[in-house]
Amino acid sequence: MKVRNPRTGEADYEITPLGEPDIAALANRLRGKQAGWSALDVEERAALLLQWSKAIASNAGALEQALTTDTGRQKISGIEVDGTLRLIERWARLAGGIMAAAQIENRATSIPGISTSTRLAPYPLVGAISPWNFPLTLALIDAIPALMAGCAVIVKPSEVTPRFIKPLMATLAEIPEIPLTVIEGDGMTGAALLRHVDYVAFTGSVATGRKVSGAAADAFIPASLELGGKDPMLVLASADPANAAEIALRASVVNSGQACQSIERVYVAREIAEPFLTALAQKANAVRLNYPDIAHGDIGPFIFEQQATIVQAQIDDAVAKGARLLAGGKVENLGGGQYLRPTVLTDITPDMVLVTEETFGPVIPVTIFDYVDEAIALANEGVYGLSGAVIAGSVEEAEAVGTRLKVGAVSINDGSLTSMVWETEKTSFGLSGLGPSRMGDSGMLRFFRKQALIRQKGQALPLAAYSEDKR
Ligand code: NAD
């Protein structure tokens, strides 16, 4: 299978999607390995994962280079590698405490003589399926806590960005005890994987999430789904317009808008709409593409070519329905890569695809509101509920509005904070996801079944206790 380079447009890489018989054999092997892995003490698993982290750090250059070619941007590739080291360190440090708190020893019950304990039994084999926008981060975000829980894991990253798989597997080869494999393949490989695992952790689009959820139901396995969003940002009258514009810009266009938690709709109070829009358009026009030199500039090309077509169609639809462009607006083909400068639009109407469907590009549609209740109602429209943001003159004012948003996480006086903060649990609303939070303690606890050990230390009941005669 050919893989396109997002900077040149050339198909300069190839993968061999793993077929179902190979997946079945791999699953068997990993299940065998998992028995020994889960028998280790959690601190021993942590030590092995930390060894792996050192191997990743020593090979950071190769991994970063592969990610850079996969995605056409460099700085974020470095951030992904650093973030992976921190991901491993964090779970290695926290896992023992999380397990200790959840494993209840010898608790009395309401029945004298009977006590219980809760034992954590990891799902033997977890399948993780991930998208192309942060290839390394999203491949490992569920795998690491699953490994810490004692599961074996097979990861199937996106076929759009598979170049990092080989250098990552080379680092894993240094610590063969870890029951983790990252495989090459497309949607067919992902679908086949679902038939061989005990739990699926999926990150991707709503359309594929529906298929995965159906297949998981057929296979009778639990699924965690982390899907798309259409995150709103509310800018209240008390906000500083220039500061709010800076936040809106960063939260919308970082990684060229190819992030689930990107701000994709802005609602600004009429009182400050003019200075806000002026500042936003100015700042948007000042953003530089990382072309021709990848080492200079702010945003890169579209990673997935078809995304450029989808985004352009949404902009064209909005303009045809009366939206006014204040910045950007046209996808440019530069050296074979597809780029879009930050695009700011206003005079938005609810029938525009730009406000109903996920865009996944550096596009900021701005709607002016007169009343906060109206803005909240607009923000709560639509099928998604991943996250959102509120900017106001005080944290308290922003928070009072934030609690009324139907989303899994709200950034208060900032945007897209969910990409930086891991400690707090969040569950998506609407079609943005299903299942326990991947953040916070449940990010690990979801990979356990809880086994209750119920002890009788008194006299067991005889059948006579249920006899009709005794009434
Ligand atoms: P996608 O749904 O097209 O693909 C995701 C993965 O699913 C890929 O690895 C793909 O090969 C695989 N796949 C495709 N068909 C499958 C099937 N039938 N069974 C099993 N696996 C299958 O998503 P994408 O275009 O790669 O990624 C972009 C989407 O991901 C956006 O909607 C974005 O919002 C979402 N996303 C969500 C989060 C989150 O945490 N909520 C994070 C990043 C991206």
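In this predicted model, three secondary-structure elements each supply at least two residues of the shell around the ligand: α8 (187–194), β8 (199–203) and α9 (206–219). The shell holds 29 residues. Of these, K156, E159, S205, L227 and E358 come nearest to the ligand. By class, the shell residues divide into 12 nonpolar, 10 polar and 7 charged.

At R438 the side chain is involved, with an N or O atom placed 3.2 Å from an oxygen atom of the ligand. On its own, the ligand has 860 Å² of accessible area, and the protein covers 88% of that.

The chain is divided into two domains. Domain 1 is made up of two segments, 2–227 and 432–454. Domain 2 spans 231–419. Both domains take part in the ligand shell, and each gives at least three residues to it.

The domain centres, taken over C-alpha atoms, are separated by 31 Å. Contact between the domains involves 21 residues of domain 1 and 29 residues of domain 2. The size of an interface is often given as the accessible area lost when the parts come together. Here, domain 1 and domain 2 bury about 1,900 Å² between them. Carbon and sulfur atoms account for 56% of this buried area.

Technical notes: Residues are numbered from 1 along each chain as its sequence is written. This is a predicted model: local features need pLDDT of at least 70, side-chain atom pairs count only at pLDDT 80 or more; totals for chains, interfaces and linings use all residues. Side-chain values use heavy atoms; hydrogens and water are left out. A residue is near a molecule or strand if one of its heavy atoms lies within 4 Å of it. A polar contact is a pair of N or O atoms within 3.5 Å; within protein, one must be able to donate a hydrogen and the other to accept it, and residues adjacent in sequence count only if both atoms are side-chain atoms. Accessible areas come from the Shrake-Rupley method with a 1.4 Å probe; for residues, only the protein chains shown count as cover. Helices (H or I, at least four residues) and strands (E, at least two) are DSSP runs, numbered from the N terminus. Ala, Val, Leu, Ile, Met, Phe, Trp, Tyr, Cys and Pro count as nonpolar, Asp, Glu, Lys and Arg as charged, and the others, Gly among them, as polar. Domain bounds come from an automatic or database domain assignment. Contact means heavy atoms within 4.5 Å. Buried area is the accessible area (1.4 Å probe) that two parts lose on being put together, summed over both.
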